Amino acid sequence: MGQRLLRLEEGLAQLFLALTVAVVFAGGVARFLGQPLDWAMDLATFAFAWCVFLSADVALKQDRHLAVEFFTNRLPPRWRLGLRLFSLLLMALFMALLFGYSLQMAYLTRFRSFQGIPGFSYTWVTLSVSAGSLLLLLTTLGRIRQAWRAWREGLCS
């Protein structure tokens with residue numbers, strides 16, 4: 001299940017990135033030809049927001065987020081694991097708060113529509129924050145569980 005979800009997230013993120021690039025390119029060409037597409041930037045904003053939050057979870061699942069480990073690598077293994085656990089707990093707290101506030105924002109923006117795409121609610125963009133933060137929270141909770149097991153079993157690396 002985990003690998004299938006990862007592949008789905010990767011595929012959707014790639015699709016949204018391709019859509020962003022295609023729409024921005026088409027919008028630029030259309031503007032050059034004197035026929036601007038009013039909806040191009042709005043659709044690109046929507047696609048890019050979803051791409052960003054899905055990609056953030058993919059990167060977290062693959063442990064590809066930027067980390068500065070210069071100082072932490074000099075700590076004893078048990079301290080390093082404790083610091084990792086603390087960091088993960090802070091991340092989980094932040095993701096939980098972001099999820100809650102983004103749901104509120106999605107609700108508040110339900111009647112706001114894009115200027116270039118009448119009838120297309122801005123809520124679809126703000127829901128990308130909700131979906132992304134929830135996915136990131138679930139990934140972080142899995143990492144916390146792994147780190148906690150390692151802490152309890154004394155498996156410090």
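**View 1. K61 and D57 lie four residues apart in helix α2, about one turn of the helix.** Helices here are DSSP runs of H or I with at least four residues, numbered from the N terminus. The model is predicted: local features need pLDDT of at least 70, side-chain atom pairs count only at pLDDT 80 or more, and totals for chains, interfaces and linings use all residues. Residues are numbered from 1 along each chain as its sequence is written, and side-chain values use heavy atoms, with hydrogens and water left out. The side chains of K61 and D57 form a salt bridge (3.1 Å, N to O), a term for a side-chain nitrogen of Lys or Arg within 4 Å of a carboxyl oxygen of Asp or Glu. An α-helix has 3.6 residues a turn, so residues three or four places apart point the same way.

**View 2. K61 also meets E9 in a salt bridge (2.4 Å, N to O).** This pair links distant parts of the chain, with K61 in helix α2 and E9 in helix α1, 52 residues apart. Which of these residues are buried, and which are partly exposed? D57 is buried at 0% relative accessibility, and E9 is buried at 3%, whereas K61 is partly exposed at 27%. Buried means under 20% relative accessible area, exposed over 50%, and partly exposed in between (1.4 Å probe, protein chains only).

**View 3. R143 and D63 meet in a salt bridge (3.6 Å, N to O).** R143 belongs to helix α4 and D63 to the loop between α2 and α3, so the pair ties together parts that are 80 residues apart in sequence. R143 is buried, with a relative accessible area of 13%, while D63 is exposed at 55%. Through shared partners, salt bridges join E9, D57 and K61 into one network. The structure holds three salt bridges. D63 also has a positive phi of about 55 degrees, although it is not a glycine.

**View 4. The largest nonpolar core has 13 residues.** Such a core is a set of buried Ala, Val, Leu, Ile, Met, Phe, Trp, Tyr and Cys residues joined through side-chain atoms within 4.5 Å. The residues with the most contacts inside this core are F16, F46, W50, L54, F114, Y122 and V125. The elements that give two or more residues to the core are α1 (2–32), α2 (40–61) and α4 (123–153). The largest share, six residues, comes from α2. Leaving aside neighbours within four places in sequence, F114 is in contact (heavy atoms within 4.5 Å) with D42, F46, F120, S121, Y122 and V125. A second, separate core of 12 residues includes L60, L136, L137 and A150.

**View 5. L83, F86, L90, L93, L97 and Y101 form a nonpolar patch on the surface.** Together these residues have about 620 Å² of accessible area, computed by the Shrake-Rupley method with a 1.4 Å probe, where for residues only the protein chains shown count as cover. Patches are made of residues with over 30% relative accessible area and no salt bridge; like charges are joined within 9 Å, and nonpolar side chains (Val, Leu, Ile, Met, Phe, Trp, Tyr) within 5 Å. L83 is found in helix α3 (residues 77–108) and is partly exposed, with a relative accessible area of 39%.

**View 6. T126 lies in helix α4.** T126 is buried, with a relative accessible area of 9%. Not counting residues up to four places away in sequence, T126 touches S102, M105, A106 and T109.
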